[in-house]
Amino acid sequence: MEITLTTNIPVAFRKTLLAHLPYADAADLSAADDLTALGLNSMGVVQLLTDLEETFGLELPDELITEETFGTVGSLWGVVGRLVGADRFADV
């Protein structure tokens, strides 16, 4: 599955993501931001994945649990947005 960056990242997704990024600044969070540089480590990926699945009612297929998917804010949103359906987010 091709992963694309997007600048239309909804507030609900940002809030969920920010809870797992100790070095992130909500005001400056952009699609190109590297999740590892913002403090996401391997344990954080597991916790974030669980949080995303519970919050948005999705199940991320094993083949999408990759470094590429969890590389940037935009790459992760690209996958989550397609699985959940970006139309479910009122602020997009």
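## Threonine 69

Threonine 69 lies in the loop that links H2 and H3. The model is predicted. Is threonine 69 buried or exposed? Its relative accessible area is 1%, and the cut-off for buried is under 20%, so threonine 69 counts as buried.

Between the C-alpha atoms of threonine 69 and valine 80 the distance is 9.4 Å, with the two residues 11 apart along the chain. Valine 80 is one of the buried residues of H3.

## Helix H3

Helix H3 runs over residues 73–84, which makes 12 residues. From its first C-alpha to its last, H3 reaches 16 Å, close to the 16 Å expected at 1.5 Å a residue.

How much of H3 is buried? The count is 10 of the 12 residues, so the helix is largely enclosed by the rest of the structure. Among the buried residues are Val73, Leu76, Trp77 and Val84, as well as the glycines Gly74, Gly78 and Gly81. The cover over the buried residues of H3 includes helix H1 (11–18) and helix H2 (42–56). Just after H3 comes glycine 85, with a positive phi of about 95°.

## The whole protein

The protein has 3 helices and 0 strands. Along the sequence, the pattern is α-α-α.

Buried residues make up 42% of the 92 residues of the protein. Of the contacts with a separation of 6 or more, 64% are between residues 24 or more positions apart.

Methods: Residues are numbered from 1 along each chain as its sequence is written. This is a predicted model: local features need pLDDT of at least 70, side-chain atom pairs count only at pLDDT 80 or more; totals for chains, interfaces and linings use all residues. Side-chain values use heavy atoms; hydrogens and water are left out. Helices (H or I, at least four residues) and strands (E, at least two) are DSSP runs, numbered from the N terminus. The expected span of a helix is 1.5 Å times one less than its number of residues. Buried means under 20% relative accessible area, exposed over 50%, partly exposed in between (1.4 Å probe, protein chains only). Contact means heavy atoms within 4.5 Å.
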